[in-house]
Amino acid sequence: KQLGRGATTFELCVSLEGAGDLARLVGPELAAAAEVTPRPRYWFSYELLGVVVQTEQFPADALDSPNFAVECDWFRLRCSAAELAAELEKPVDVFLCTDNLVVAAASAKLGALLPADAWPSVRRDDDFFASELRERKDVASRRPAPALEGPPPPGWLDVFAAVRRVGPTDAECDANKGPLGANYGAAPPS
């Protein structure tokens, strides 16, 4: 996908790696629905770069320790490092869903992969090679408080993300790894 005017190719991976303590977020009527058939199923869903991504579904009785396949969703982008950094500053809302209902949400912030203040438009894309992050995010209820008998404590969601510039090998770019890349703080070329 072309993102901006830059011509460098990047690969971005986002993965939801695990979650837990979600049962208290659903409320008593959804918990009661789990006792009848068909039992409700739950899944996580998010939108990134115009693409909607969903985990596989898991049963209601697994909300405190859901078991879903860990998959890395890959996005191949053509842009500059500065354009990608600006896009990564936007929060990604991850929703816990069931049929016709958003139960809870977490907000993932991917900006630490490529901090926008470290990647002005005058900085060379070649200064960057790869970066990754892992975060545990709170999953907060999106249900009305009366349905929950007061706001419940949050659950959690583990998020992994990585970005790399396509082309050079790992060995060629050892000095350029990390969110700040090589030559951080050096004067821009004139």
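Which residues does A105 touch, not counting residues up to four places away in sequence?

1. **Contacts of A105.** This is a predicted model. In it, A105 touches V94, F95, D138, V139, A140 and R142, with residues up to four places away in sequence not counted. A105 itself sits in strand β7, which covers residues 101–108.

2. **Burial of A105.** Is A105 buried or exposed? The relative accessibility of A105 is 9%. Buried means under 20%, so A105 counts as buried.

3. **A105 and W156.** These two residues are 51 places apart in sequence. Their C-alpha atoms are 9.8 Å apart in space.

4. **A62, a loop residue.** A62 is in the loop that runs between β4 (58–59) and β5 (72–79). Its relative accessible area is 17%, so A62 is buried. The C-alpha atoms of A62 and R41 are separated by 9.5 Å. Along the chain, A62 and R41 are 21 residues apart.

5. **The largest nonpolar core.** How many residues does the largest nonpolar core have? It has 45. L12, F44, L84, L96 and L157 have the most contacts inside it. β1 supplies the largest share, 5 residues. As a general point, nonpolar side chains tend to be buried together in soluble globular proteins.

6. **L84 up close.** L84 is one of the core residues with the most contacts inside the core. Setting aside neighbours within four places in sequence, L84 is in contact with L3, F10, L77, C79, L114 and V163.

7. **The second largest pocket.** Its volume is about 150 Å³. The lining of this pocket is made of 12 residues. Nearest the centre of the pocket lie A130, S131, E132, A162 and V163. β1, β8 and β9 are the elements that give two or more residues to the lining. Which element gives the most to this lining? That is β9, with 4 residues.

8. By class, the lining of the second largest pocket holds 7 nonpolar residues, 1 polar residue and 4 charged residues. V163, in contact with L84, is among the residues nearest the centre of this pocket.

Note on methods. Residues are numbered from 1 along each chain as its sequence is written. This is a predicted model: local features need pLDDT of at least 70, side-chain atom pairs count only at pLDDT 80 or more; totals for chains, interfaces and linings use all residues. Side-chain values use heavy atoms; hydrogens and water are left out. Buried means under 20% relative accessible area, exposed over 50%, partly exposed in between (1.4 Å probe, protein chains only). Contact means heavy atoms within 4.5 Å. A nonpolar core is a set of buried Ala, Val, Leu, Ile, Met, Phe, Trp, Tyr and Cys residues joined through side-chain atoms within 4.5 Å. On a 1 Å grid over the protein atoms alone, a cavity is a set of points where a 1.4 Å probe fits but cannot get out, and a pocket is an open set with protein on both sides within 12 Å along at least five of seven lines; lining residues have an atom within 4 Å of a point. Grid points are joined across faces, edges and corners, and a volume is the space filled by probe spheres set on the points. Ala, Val, Leu, Ile, Met, Phe, Trp, Tyr, Cys and Pro count as nonpolar, Asp, Glu, Lys and Arg as charged, and the others, Gly among them, as polar.
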